[in-house]
Amino acid sequence: MNSNKMKMKMKMKKKIVMALVAFLMVTTAQAQWRIGVTGGADYNVFNMDQQYMTDYKVDGRWGVTLGITGQYNVTDWLGVRADLNWTQKNYRHSRVVYSDVDYKLTNDYLQLPVMASFSFGGERLRGFCNLGVYGAYWLNSHRKGSDRNSFANYRITSFDEKVDFYDKRDQRWDCGLVGGVGLEYLITPHWAAQAEVRHYYSTTSTTKQYMRNKDYRYHSTTAIQLGINYIF
Amino acid sequence: MKKHTLMILGAMLLMICVSSCREESDRLMTYDHNDVMAFNKADSSFAAKFKILWNGLNQNYALWDYEAEYGLDWDAVYDEYLPQFEALDKQETVTDEELRAMLAKVCSPLHDGHMAVAFSNHKTGTKEVMYLPGEDRAVKRDDYEIANKYKPSLKYYSQVANGEVETDNQGNPVVMEHSTTITGLLAPVFNEKGKGLDWVNTQIDQLSNLPNPSAAQMATLQSLKDLKAELEALRNTPVSMNFITRFNELVTMYESLHVPALEYYDPGFFEKGIDVKFALLKGNIAYFQFSGFYLTSYFSDEVAGLFYNISNPATKKHMNAIKEVWAAWFYTVQQLHKAGTLGGVIIDLRGNGGGMQNDGYFITGSLLPEGGSPFSYSRFKRGTGRYDYSTLTLNYLETMPASAHEVITEPVVVMTNGQSMSMAEITTIVVKNMENGTHIGKRSRGGICGLTMDNSTYTNNYMGHIGERDKTPVYVYLPSVATFTLDKKIIEGEGITPDIEVDLDAATFTATGKDTQLDRALQFLRTGH
């Protein structure tokens with residue numbers, strides 16, 4: 001009985017090893033590297049609780065995303081993709097009652113999304129889906145708009161200025177989840193064009209929890225981007 | 001197909017999972033009005049009062065970054081003092097002094113110069129136990145007593161024999177002054193010979209000594225005796241709105257006696273009563289002193305109507321008198337400037353606690369070019385977070401149009417002491433920013449962050465008051481804004497240091513009326529150094 005069990009175990013082990021070898025041979029045969037560039041527009045929504053400030057309005061704003069990409073395909077349907085991109089996460093906050101209080105924030109981030117890239121479909125036209133995580137660093141912030149001064153006869157002040165980071169308040173690191181879907185068209189055996197809709201879902205508040213009262217603020221950024229890849 | 005279905009299902013599952021990756025912010029309440037939800041527990045708990053104070057300041061106070069520079073950790077204040085307020089709740093009795101001492105512990109590090117914090121003491125029934133961090137800071141200054149006790153006076157300088165004052169064609173000193181303060185207007189009723197109570201006593205003596213008084217004289221005598229009793233009782237009553245109401249009742253009741261100086265006192269003057277003084281001092285130096293920035297309320301009927309009973313002739317008379325003193329200064333400055341003989345201007349703001357920003361128009365606005373004078377920046381709260389701030393927006397004091405005045409190029413001196421605050425400090429900043437401006441005296445008190453008394457304006461900037469005075473168990477009077485100097489510094493709680501610092505010699509001032517600070521200003525204008 002024991003020897004039978006031993007034999008069965010040995011057979012199982014042999015099968016697993018053979019399967020692994022076969023898998024590796026296939027993946028090595030199909031493995032391919034690709035690199036490329038991406039660019040497009042993004043729409044960022046800033047999620048924060050306005051609390052009792054009832055006429056305080058936070059709206060999303062469009063921005064730009066530009067980057068480089070690299071992908072290693074493990075199989076014909078699975079690859080590992082990493083991008084390095086400059087992505088703007090812009091938003092606007094304003095007052096409903098006092099329309100001259102209007103802040104348009106432009107925030108530049110350097111992002112590194114790392115994703116599993118699943119693809120499906122035909123030879124030339126394939127769909128793909130990316131899922132992963134990203135880390136980003138808030139490079140700088142700029143604001144433009146107007147404000148009113150109730151101590152200067154409600155004079156309107158227009159401004160267009162860099163926003164200095166405040167260490168106690170601002171969280172420069174941003175991490176979260178990323179997912180996207182798109183289409184790829186193989187132009188030649190070595191060149192492919194991609195169109196993708198991608199969503200960055202931040203799980204890191206833009207403000208540090210510097211107060212006893214917790215105050216969380218998150219970016220949600222949807223990018224529509226085009227890319228061109230060179231396939232080795 | 002199966003593979004793709006799995007991928008889609010996986011993606012959907014992932015989306016559900018990620019939505020739980022974000023944390024929720026704490027719920028905040030607003031404390032700007034008498035809201036039951038916000039204040040009900042505070043009626044019977046010191047700990048609840050403290051939480052309102054802490055949260056209200058956390059959300060409304062505009063100087064947190066400045067306080068942090070001074071090492072204040074507001075979260076640590078919560079951790080340290082909440083247990084102490086909870087302990088107060090467990091005590092059988094809590095005196096007003098104990099409560100005030102606790103408020104001092106919490107609020108004394110805050111630099112705002114205007115702030116007033118008031119808790120009701122539900123254990124003693126005291127409606128308002130108040131603590132003023134700015135006053136606490138001022139008291140510790142070595143010049144506090146002098147600044148608080150001695151008010152600018154022209155007693156010495158207005159005497160021609162002392163050689164300090166210019167004279168008119170008739171040889172009279174060019175001096176004008178008027179007061180609408182309760183001291184200024186009611187002191188004669190109680191203390192001046194030939195007026196008020198003294199006059200009543202004289203009349204009583206005269207009528208009492210009449211050998212055969214008529215019935216009318218007897219009735220008058222009785223009325224005078226009644227009035228005397230009423231005034232003497234009132235003299236020993238603390239000055240308050242009740243005092244003023246009673247005083248005005250007496251004025252009406254005894255109007256027929258025509259008592260000199262016994263005239264209607266406008267209750268609006270109780271808060272906005274001011275002393276104004278003008279003198280043309282030797283060397284054609286136009287001196288103007290006023291104790292509060294409420295000129296606008298005297299000059300504009302529209303504004304006056306908000307505060308005073310302008311239909312009353314006595315009120316109108318005093319309004320005109322204040323205006324005449326200012327006008328004498330203004331036209332003298334303009335005329336001498338045009339003639340090329342103006343020796344300088346002194347704006348004496350010692351003891352001036354501030355007031356209306358619009359008054360800038362009549363003071364520095366009459367010296368500077370039209371178009372407004374930038375003097376500082378405002379920074380508002382623009383979010384509920386402790387450090388959510390607006391951009392810096394320039395503050396301007398209005399200036400007169402070119403058609404109404406000429407720009408004054410002669411030297412201008414502004415004088416302050418440790419009780420000069422708020423608009424007095426803003427005016428000082430404006431003068432210091434002038435090429436021909438010099439600041440003489442002692443460091444000002446340090447309360448320049450603007451604020452509004454009106455609770456209804458809270459939502460202008462979502463900042464300002466905590467609670468409503470006389471209605472909520474917690475009330476805090478605090479600035480609606482952080483004010484920065486033009487070089488973008490906050491000086492709240494510090495004050496403005498004079499270009500020429502000089503003490504008031506209290507002994508000399510008391511003995512002779514000679515004012516060492518004013519003398520230094522005159523020396524500067526007469527000699528240039």
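## Domains of chain B

In this predicted model, 4 residues of domain 1 of chain B are in contact with 5 residues of domain 2 of chain B. By class, the side of domain 1 that touches domain 2 has 3 nonpolar residues, 1 polar residue and no charged residues.

The domain assignment gives domain 1 of chain B as 144-179 + 269-367 + 405-448 + 491-527. Domain 2 of chain B covers 186-265. The C-alpha centres of the two domains lie 35 Å apart.

## Confidence

Chain B averages a pLDDT of 94. In chain B, 96% of the residues score at least 70. For the complex, the predictor gives an ipTM of 0.84 and a pTM of 0.88. Where pLDDT is low, the predicted coordinates should not be read in detail.

## Contact between chains A and B

The contact between the chains involves 35 residues of chain B and 32 residues of chain A. On the chain B side, four elements each supply at least two residues: α1 (2-18), α5 (74-90), β8 (393-397) and α18 (458-461). The largest share, 5 residues, comes from α1(B).

By class, the side of chain B that touches chain A divides into 14 nonpolar, 15 polar and 6 charged residues.

## Helix α6 of chain B

Helix α6 of chain B has 12 residues, 96-107. At 1.5 Å a residue, α6(B) should span 16 Å; its end C-alpha atoms are 16 Å apart, which agrees.

Which residues of α6(B) are buried? They are Leu99(B), Met102(B), Leu103(B), Val106(B) and Cys107(B). An α-helix has 3.6 residues a turn, so residues three or four places apart point the same way.

The buried residues of α6(B) pack against several elements of chain B: α3 (46-60), α5, β1 (116-121), β2 (126-131) and α7 (133-139). The face of α6(B) turned away from its buried side carries the exposed residues Glu97(B) and Ala101(B).

## Ile35 of chain A

Ile35(A) lies in strand β1 of chain A, residues 32-47. Is Ile35(A) buried or exposed? Ile35(A) counts as exposed, because it has 12 C-beta neighbours inside 10 Å, and a residue with 12 or fewer is classed that way.

Leaving aside residues up to four places away in sequence, Ile35(A) touches Thr69(A), Gly70(A), Asn229(A) and Tyr230(A). Asp83(A) is 48 residues from Ile35(A) along the chain, and their C-alpha atoms are separated by 9.5 Å.

Technical notes. Residues are numbered from 1 along each chain as its sequence is written. Chains are lettered from A and ligands numbered from 1 in the order in which they are written. This is a predicted model: local features need pLDDT of at least 70, side-chain atom pairs count only at pLDDT 80 or more; totals for chains, interfaces and linings use all residues. Domain bounds come from an automatic or database domain assignment. Two residues are in contact if their C-beta atoms, placed from the backbone, lie within 7 Å. Ala, Val, Leu, Ile, Met, Phe, Trp, Tyr, Cys and Pro count as nonpolar, Asp, Glu, Lys and Arg as charged, and the others, Gly among them, as polar. pLDDT is the predictor's confidence in each residue, from 0 to 100. The expected span of a helix is 1.5 Å times one less than its number of residues. A residue is buried if 20 or more other C-beta atoms lie within 10 Å of its own, exposed if 12 or fewer, and partly exposed in between; C-beta atoms are placed from the backbone.
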